Amino acid sequence: MALLELSEIQAYLIKDYKEMGSSKYYLMQVKDATAAKRFIASVADNITHANAQINETCLNIGITSSGLIALGYNHEDNMHTFSREFREGMVSPHRQRLLGDFDSSDPSKWQWGGPANERVDLILMVFGKNDAIAENYFQHLKEKFEAGISVVHILDGKPLPNDREHFGFRDGISQPVIKGSGINAAGNNDDVNPGEFVLGYKNEYDVYPDAPLLKVPQGKPELLSDNPGGYEDNATGKAFKDIGRNGTYFVLRQLEQNVNGYWSFIKKQAMDEHGNTNNEEATKIAAKLMGRWPSGAPLVNHPDKDPGPGIDSDDNNFSYIKKDKDGEKCPFGSHIRRTNPRDHFEESPPGVSLKLTRRHRIMRRVRSYGEDFIGSAENHKPNGEVGLLFGCFNANISKQFEFIQYTWANSPKFKKLYDDPDPIIGVRECPAAGVKQNFTIPQKTVNKVIPNLQSFVTVKGGAYFFFPSVTALKFLGTI
Amino acid sequence: MIKQHPLTILSPVKKDKAETLDKRLNIIRENLQQGTETEFKKVSTLHYGRWVILNRESFRDEPSVPVGTRLIFSTNFDGDKDNHLTELVTQLTRYFDDIYDCCEGYPEEGARTIENRKNYLKKYSIKTSAFFNGAPGRSVQQIHQEKRLRDHIWNYISNNKWNGKTTAVEIHKAIRNEIDSKSEFEWAKQKAGVQGIKWLNITGYGLLLLVAIPLIIVGALYLFLFHELWNKKQTLTLSQLDDKKVNKLKEVEDLFPQNQFTQVAVLKPSFIRRLNFQIWMLRTRVLANNVFVHGKLLNIPTIHFARWVLFDNNRHVLFFSNFDGNWQQYLGDFIDQSGWGLTGIFSNTVNFPKTKFMITGGAYDEEHFLAWSRSTQVPTQVWYCPYPDLSIKNINNNTKIRNELYMDLNEEQAKIFLKRF
């Protein structure tokens, strides 16, 4: 197995920087290519790579396809080797159908990244132990980039309070680990081949992911290494240089969470005939939708009640077939069972399922924004807008992020279901006439159904970024 | 049990009418997408229908014989072919006249009759090499009926509190009483025929295969030494495909929970490759007719109908499929579940990813296989499905609901019945 070149890989792919109290994402636009390239070349050495000692701050950088072109990486043959999803960006009519960005989530209504917003070329991710440190660091960087780059939007994120997202559930428990990254996997199926996340390495199909190549030389190609996939110039027989190696793609979506709407809806489902709400029952229903209890404990192992924080909160070592083949503990339609089917992928036997599931993983990098608020059946009215800055890394956006969002979350036909989208992230706000949106809770005899699901997550912005290696950044500084 | 069949009609397009045809098909497509098209559903025997324009540009690789512009019409239909053709030309007269007015050999305006329209379709219809049906025996009418039955029971279950009744057997009986009381479900009392796996045929085929092992080994060795070794390594990846072409394909994808796939490939010119393709077609036919009868083609659980059609003197092959979910999932399933089958079949076509003994490489070479699939795909101008809101799993589950409803079930069986909702 190829060892990862950790000092080349931007560290945010490998580490979650949970110790950084402040995560500021600056969405920026190139104004002057020469000055912008100068900045990128100079900042490449300050990028936090996966071998770097982490102290008070971290810095990572991503580039959209418009950003590459704006910097001058504009030769059609070179750009065309980047993945189609990246080149097209998150907004296209077809992608809108795949991601389900309609109604209030329509890109035309986005705060950034949409057709009505200013073009986003770069994302500068500045992390600091606290806000002041991050802000300070940013001001220092700003002096260097001001001449060529302007900030169009700022996303002010922070780690999830107590690892809970705003609806109140422990988040980020299931996370793949890149083989060779020196981190131990928490779950039994979480060790994933590097090529699922890092370009230039073999993936779970044992092939190299589609990689961006330098087909037409620009800048100083000698900085880059040859592509490992054996792609060469037919005329000269020389291997193409690989601008993707040790790089990856980053998906960022700003998801507003309607915490009050969510819990009010859930509580209505838990009302008895006399109209009395039952918070315990409501929490149980919410857990069914999620597949885990608020504490994080999986329903497969704790079907009846939340064992409370600390007990199996980080349990990621469970599977479905043996303990819950019929979904009576953890419903088939629940968020976590859909987005990581583990040993129960379609109808494949467990061993095959585990293998197939590994081909559709993402490295989640999630921050919250708005008030530090953990919702519950008792307390669900945050002050102002709250939500997630949902981020994830993957080597193949179509096979990983988009597949999970469309095939597993949005499709109401998941497994043998009829009308059940993912209750958290797959519900359409205004479904077409006649389209039902249900959540089925399998029971011993008659299944319980929650009809007329509503959407409580709204997309407010989003983009696809290329996360170059440290060397590729230096190279981009030379074009 | 009514059998389902494939129909493929390949007609030459008049040289000066290609553009008009394209426009006319686009209008139908737009109407279908907007839900304003109402004619197709009058054809009671029609499951899926599509019109595809096939011209030189549709072929990624150099065709083996010269190809002009042709129009493909394909349906999956119930029962008798003659009856289906009659329905088509009587219910969709306007469409057929408009469309085939652009094609060679269609009866002239003013001289058109039901009979000569049908004769035209018969004349240009071509044979199917292998055909898969995800729900054998289910007619369009039955699929719609069983959906109504399932929906009715679903509503009945949801609207009932079930306080008094606790066992699954009691609930099953209550449901049956409810359906008994509704005259519109009278048909449900009769059990629907379901095709089982035909073990006898399979055993026979297996024995034949055993006898043929030496031949297969020699054949595989020969193919490896004299063909596979010399095949070029494929380097095309998805990112490099022509944007315009891919966008045209994506324009008509993911509009419904189901999608279509039309593909055209050129067979490798050598005799042994063409023979090998025929052998794989035979294999696929045997498996599709005898084993893949429960909604899974080569283990893929999302395909309603699929077919392979050899044409142009067996030098070119068309592949059609109607499936649940989207392209990435579908092609991924092909690699994950049945890479061996696809590799066996399509390794006999030009510029398929390099294989070894028809087992490794090929479809398992994920990046290049996906690029091959996308680049040999042809845009489908018109695509019709009468039940876009049903997955093939739903359809098969609905039949089980119907059949189990009037069976006397024990508690365990009744629980399984209830889990179907």
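**Strand 15 of chain A.** I started with strand 15 (residues 457-467) of chain A: eleven of its eleven residues are buried, so the strand is largely enclosed by the rest of the structure. For the record, buried means 20 or more other C-beta atoms within 10 Å of a residue's own, exposed means 12 or fewer, and partly exposed is in between, with C-beta atoms placed from the backbone. Helices (H or I, at least four residues) and strands (E, at least two) are DSSP runs numbered from the N terminus. What does strand 15 of chain A bridge to? I found strand 9 (residues 248-257) of chain A, joined to strand 15 by ten bridges and running antiparallel to it. One pair I noted is L252(A), whose bridge partner in strand 15 is A463(A).

**Ground rules.** I'm looking at a predicted model, where local features need pLDDT of at least 70 and side-chain atom pairs count only at pLDDT 80 or more, while totals for chains, interfaces and linings use all residues. Residues are numbered from 1 along each chain as its sequence is written, and chains are lettered from A and ligands numbered from 1 in the order in which they are written.

**Chain A overall.** I counted 13 helices and 15 strands in chain A. Why call the chain a compact globule? With 479 residues, such a globule would have a radius of gyration near 23 Å, and chain A has 23 Å, which agrees. That radius is taken over C-alpha atoms, and the rule is 2.2 Å times the number of residues to the power 0.38. Along the principal axes, the C-alpha atoms of chain A fill a box of roughly 75 × 45 × 45 Å. Buried residues come to 58% of the 479. Of the contacts in chain A with a separation of 6 or more, 69% are between residues 24 or more positions apart; a contact here means C-beta atoms, placed from the backbone, within 7 Å.

**Domains of chain A.** I have domain 1 as 6-252 + 462-476 and domain 2 as 258-360 + 407-457, with bounds from an automatic or database domain assignment. Their centres, taken over C-alpha atoms, are 32 Å apart. Across the boundary, 19 residues of domain 1 are in contact with 22 residues of domain 2. The domain 1 side has seven nonpolar, eight polar and four charged residues. My classes: Ala, Val, Leu, Ile, Met, Phe, Trp, Tyr, Cys and Pro are nonpolar, Asp, Glu, Lys and Arg are charged, and the others, Gly among them, are polar.

**I397(A).** This residue is in the loop between strand 12 (386-394) and helix 12 (398-410) of chain A. Is I397(A) buried or exposed? I get buried, because 22 other C-beta atoms lie within 10 Å. Leaving aside neighbours within four places in sequence, I397(A) is in contact with S83(A), E85(A), F86(A), Y249(A), V251(A), E402(A) and Y464(A).

In helix 1 (residues 33-43), I see A36(A), K37(A), F39(A) and I40(A) buried. Down the axis of helix 1, these fall within an arc of 155 degrees, so they line one face of the helix; the arc is that of the directions from the helix axis to the C-beta atoms. They pack against several elements of chain A, including strand 1 (22-30), helix 6 (131-145) and helix 13 (470-476).

In helix 11 (residues 350-357), the buried ones are S353(A), L356(A) and T357(A). Their arc is 100 degrees, so they too line one face. What do they pack against? I traced them to helix 11 of chain B.

**The A-B interface.** I count 34 residues of chain B in contact with 31 residues of chain A. Helix 11 of chain B gives the most to the chain B side, with four residues. By class, that side divides into ten nonpolar, 13 polar and eleven charged.

**Chain B.** Five strands form an open antiparallel sheet in the order 4-1-3-2-11; strands pair if DSSP finds at least two bridges between them. The edges are strand 4 (125-126) and strand 11 (382-384), each pairing on one side only. Two bridges join strand 1 (residues 4-12) to strand 4, and I found T8(B) opposite I126(B) in strand 4. Last entry: domain 1 (4-129) and domain 2 (140-191 + 391-419) of chain B have centres 39 Å apart over C-alpha atoms.

Methods
Two residues are in contact if their C-beta atoms, placed from the backbone, lie within 7 Å.
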